[in-house]
Structures are given as structure tokens and as C-alpha cells.
Amino acid sequence: THKINEIIIATSFSLKGEIIANFIKSKLQYLDINIFRIGFGVPLNANIDYIDEETIKESFKNKRRLY
């Protein structure tokens with residue numbers, strides 16, 4: 001079996017995206033797992049569906065720990 005070591009939440013950096021990310025974090029924080037949020041690279045209020053591959057790579061490299 002495989003154990004999940006971390007979860008990276010990748011929602012848009014808009015009010016709605018932040019609310020969703022916080023909701024997901026609140027539901028998962030009781031698990032023994034690291035929870036991260038994608039980092040810098042994705043512009044504020046940008047729709048993540050339209051972000052190029054290099055920007056996504058950078059945002060994962062710059063992820064920040066939530067819990």
C-alpha cells in the first residue's frame with residue numbers, strides 16, 4: 001500500500017478560492033498528513049485553469065505549509 005505524505009491545495013487566489021482552500025484544510029487537518037497551498041506564481045484572482053505549465057511548476061516549488 002502507498003501512504004499519502006502530503007496534500008497540495010491548488011485553488012485560485014481569489015476570495016472564493018481562499019474560502020475553499022480553508023474549508024478543505026479544516027476537513028483534512030485531523031489526518032496525520034502535511035497540507036500545503038500552492039505558492040507564488042499564480043496571479044491574484046487568476047483562474048487556475050488558464051495558467052501555463054511553467055507557472056504551475058513554480059507555484060508547486062514555492063508551496064506553503066498550511067498545517
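Tutor: A residue counts as buried when its relative accessible area is under 20%, as exposed when that area is over 50%, and as partly exposed in between. The structure discussed here is a predicted model.

Student: Is Lys63 buried or exposed, or does it fall in between?
Tutor: The limits that matter are 20% and 50% relative accessible area. Lys63 has a relative accessibility of 29%, so Lys63 falls between these limits and counts as partly exposed.

Student: Which side chain meets that of Lys63 in a salt bridge?
Tutor: Lys63 lies in the loop between helix H2 (53-61) and S3, while its partner lies in strand S1, so the pair ties together parts that are 57 residues apart in sequence. The N to O distance is 2.7 Å, and the partner is Glu6.

Student: What is the order of the elements in the protein chain from the N terminus on?
Tutor: The secondary structure comprises two helices and three strands. Read from the N terminus, these elements run β-α-β-α-β.

Student: In what order do the three strands form the open sheet?
Tutor: The pairing within the sheet is mixed. Strand S1 (6-9) and strand S3 (64-65) are the edge strands, each pairing on one side only. The order of the open sheet is therefore S1-S2-S3.

Student: In which sense do S1 and strand S2 pair?
Tutor: Strand S2 covers residues 34-37, and its pairing with S1 extends over four bridges. Within these strands, Glu6 stands opposite Asn34 in S2. The sense of the S1 and S2 pairing is parallel.

Student: What angle does the direction of helix H1 make with that of S2?
Tutor: Helix H1 consists of residues 15-28 and packs on the sheet, where it touches S1, S2 and S3. Its direction and that of S2 make an angle of about 175 degrees.

Student: Which residues make up the largest nonpolar core?
Tutor: In soluble globular proteins, nonpolar side chains tend to be buried together. In this protein chain, 27% of the 67 residues count as buried. The largest nonpolar core has five residues in all: Ile9, Ala21, Leu28, Ile33 and Ile35.

Student: Leaving aside neighbours within four places in sequence, which residues are in contact with Ile35?
Tutor: Ile35 belongs to the largest nonpolar core. With neighbours within four places in sequence left aside, its contacts are Ile7, Ile9, Lys25, Leu28, Gln29, Arg64, Arg65, Leu66 and Tyr67.

Student: What share of the contacts with a separation of 6 or more is accounted for by residues 24 or more positions apart?
Tutor: The share is taken over contacts in the protein chain with a separation of 6 or more. Within that set, residues 24 or more positions apart account for 69%.

Student: Is Arg37 buried or exposed?
Tutor: The side chain of Arg37 meets that of Glu18 in a salt bridge, with an N to O distance of 2.8 Å. This pair links distant parts of the chain, with Arg37 in strand S2 and Glu18 in helix H1, 19 residues apart. Glu18 has a relative accessible area of 25% and is partly exposed. Arg37 has a relative accessible area of 1%, under the limit of 20%, and is therefore buried.

Student: Which residues do salt bridges that share partners join into one network?
Tutor: Lys57 forms a salt bridge with Glu54, their closest N and O atoms being 3.3 Å apart. Both residues lie in helix H2, three residues apart, about one turn of the helix. Lys57 is partly exposed at 41% relative accessible area, and Glu54 is partly exposed at 47% relative accessibility. The network joins Glu53, Glu54 and Lys57.

Student: Which residues does Gly17 touch, not counting those up to four places away in sequence?
Tutor: Gly17 is found in helix H1 and is buried, with a relative accessible area of 5%. Its C-alpha atom is separated by 9.4 Å from that of Asn47, 30 residues apart along the chain. Beyond four places in sequence, Gly17 touches Thr11, Ser12 and Arg37.

Student: What distance separates the C-alpha atoms of Ile56 and Ala10?
Tutor: Ile56 has its place in helix H2 and counts as partly exposed at 23% relative accessibility. Ile56 and Ala10 are 46 residues apart along the chain, and their C-alpha atoms are separated by 9.5 Å.

Terms used. Residues numbered from 1 in each chain as written. Predicted model: local features only at pLDDT ≥ 70, side-chain atom pairs only at ≥ 80, totals over all residues. Heavy atoms only, no water. Buried < 20%, exposed > 50% of the residue type's maximum accessible area, 1.4 Å probe, protein only. Contact = heavy atoms within 4.5 Å. Core = buried A, V, L, I, M, F, W, Y, C linked by side-chain atoms within 4.5 Å. Pairing = 2+ DSSP bridges. Axes fitted to C-alpha atoms, helices over the stretch in contact; angles between N-to-C directions. Salt bridge = Lys/Arg side-chain N within 4 Å of Asp/Glu carboxyl O.
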